[in-house]
Amino acid sequence: QVQLVESGGGSVQPGGSVRLSCEASGSIFSIDSMGWYRQAPGKERELVAEITSGGTTNSAKSVKGRFAISRDDAALTVSLQMNSLKPEDTAVYYCNVRGGGVLGPFESWGQGTQVTVSS
C-alpha cells in the first residue's frame, strides 16, 4: 500500500505564488510518474502537470509558463511551484503517483489540498 501526504496550499492573492509538495511512502519498488491534478467546484478533475521517471514533463496549456513540476526520487517527493496565480486556479489539488509496488502496479492519490486565489 502506498500513502501520499500533501503539504502546501492555502489562500493567496492573484499574482501570488504557492508551492505544493507530496511525499510518497510504503512498499514502493519503482515510480513511473508523479503528478498533480485539480478539481474546481462543479468541474471534472483535470491534469495540471506530471513528470515521468525519465524527467519528461507534461502540463496543461492553462498553466504553461506559470507552474513548474519537479521530483526528488531519493525522497519520493513531487513538488508543484505555482506562480502568477489566477482566480481560475482555485481548486482542490491532488497528488497522483503511479508505479510498481509489492503487490504489483499501483496508482495512489493524495487527500487533496485547497488552493484559493482571491483578492
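Me: What is the relative accessibility of Asp73?

Reply: The value is 43%, so Asp73 counts as partly exposed. Buried means under 20% relative accessible area, exposed means over 50%, and partly exposed is in between, with a 1.4 Å probe and protein chains only. Please note that this is a predicted model, in which local features need pLDDT of at least 70 and side-chain atom pairs count only at pLDDT 80 or more, while totals for chains, interfaces and linings use all residues. Residues are numbered from 1 along each chain as its sequence is written, and side-chain values use heavy atoms, with hydrogens and water left out.

Me: Which residue forms a salt bridge with Asp73?

Reply: Arg71 does, and the closest N and O atoms are 2.7 Å apart. A salt bridge here is a side-chain nitrogen of Lys or Arg within 4 Å of a carboxyl oxygen of Asp or Glu. Arg71 is buried, because its relative accessible area is 18%.

Me: How many salt bridges does the structure hold?

Reply: It holds six. One of them joins Arg98 and Glu107, with 3.6 Å between the closest N and O atoms. Both partners are partly exposed: Arg98 has a relative accessible area of 26%, and Glu107 is at 45%.

Me: Which residues are linked in a network of salt bridges?

Reply: The network consists of Arg38, Glu46, Arg66 and Asp89. Within it, the side chains of Asp89 and Arg38 meet at 3.0 Å, N to O. That pair links distant parts of the chain, 51 residues apart: Asp89 is in the loop between β8 (77-82) and β9, whereas Arg38 is in strand β4. Strands are DSSP runs of E with at least two residues, helices are runs of H or I with at least four, and both are numbered from the N terminus.

Me: Asp89 and Arg38, then: buried or exposed?

Reply: Asp89 is buried, because its relative accessible area is 0%. Arg38 is also buried, at 6%.

Me: Where is Arg66 found?

Reply: Arg66 sits in the loop between β6 (57-59) and β7 (67-72). It counts as buried because its relative accessible area is 10%. Its side chain has a polar contact of 2.7 Å with that of Asp89. A polar contact is a pair of N or O atoms within 3.5 Å; within protein, one must be able to donate a hydrogen and the other to accept it, and residues adjacent in sequence count only if both atoms are side-chain atoms.

Me: What else does Arg66 touch, leaving out residues up to four places away in sequence?

Reply: Besides Asp89, Arg66 touches Gln81, Met82, Asn83, Ser84, Leu85 and Lys86. Contact means heavy atoms within 4.5 Å.

Me: Ser84 is on that list. What is its phi?

Reply: Ser84 has a positive phi of about 50 degrees, although it is not a glycine. It is in the loop between β8 and β9, and at 41% relative accessible area it is partly exposed. Leu76 also has a positive phi, near 55 degrees. Leu76 is placed in the loop between β7 and β8.

Me: A change of topic: how many aromatic pairs does the structure hold?

Reply: There is one. The ring centres of Tyr37 and Trp109 are 5.0 Å apart and the planes meet at 65 degrees, so the pair is edge-to-face. Tyr37 is in strand β4 (residues 28-39) and Trp109 in strand β10, 72 residues apart. Rings of Phe, Tyr and Trp (its six-membered ring) pair if their centres lie within 6.5 Å; planes under 30 degrees apart count as stacked, over 60 as edge-to-face and the rest as tilted. Tyr37 is buried at 16% relative accessibility, while Trp109 is partly exposed at 34%.

Me: Gln39 also lies in strand β4. What is it in contact with, apart from neighbours within four places?

Reply: Gln39 is in contact with Glu44, Arg45, Ala91, Val92 and Tyr94.

Me: Finally, which residues make the nonpolar surface patch?

Reply: Phe29, Val102 and Leu103 make it, with about 410 Å². Patches are made of residues with over 30% relative accessible area and no salt bridge, like charges being joined within 9 Å and nonpolar side chains (Val, Leu, Ile, Met, Phe, Trp, Tyr) within 5 Å. Leu103 lies in the loop between β9 (91-101) and β10 (104-109), and it counts as exposed because its relative accessibility is 82%.

How values were computed:
Accessible areas come from the Shrake-Rupley method with a 1.4 Å probe; for residues, only the protein chains shown count as cover.
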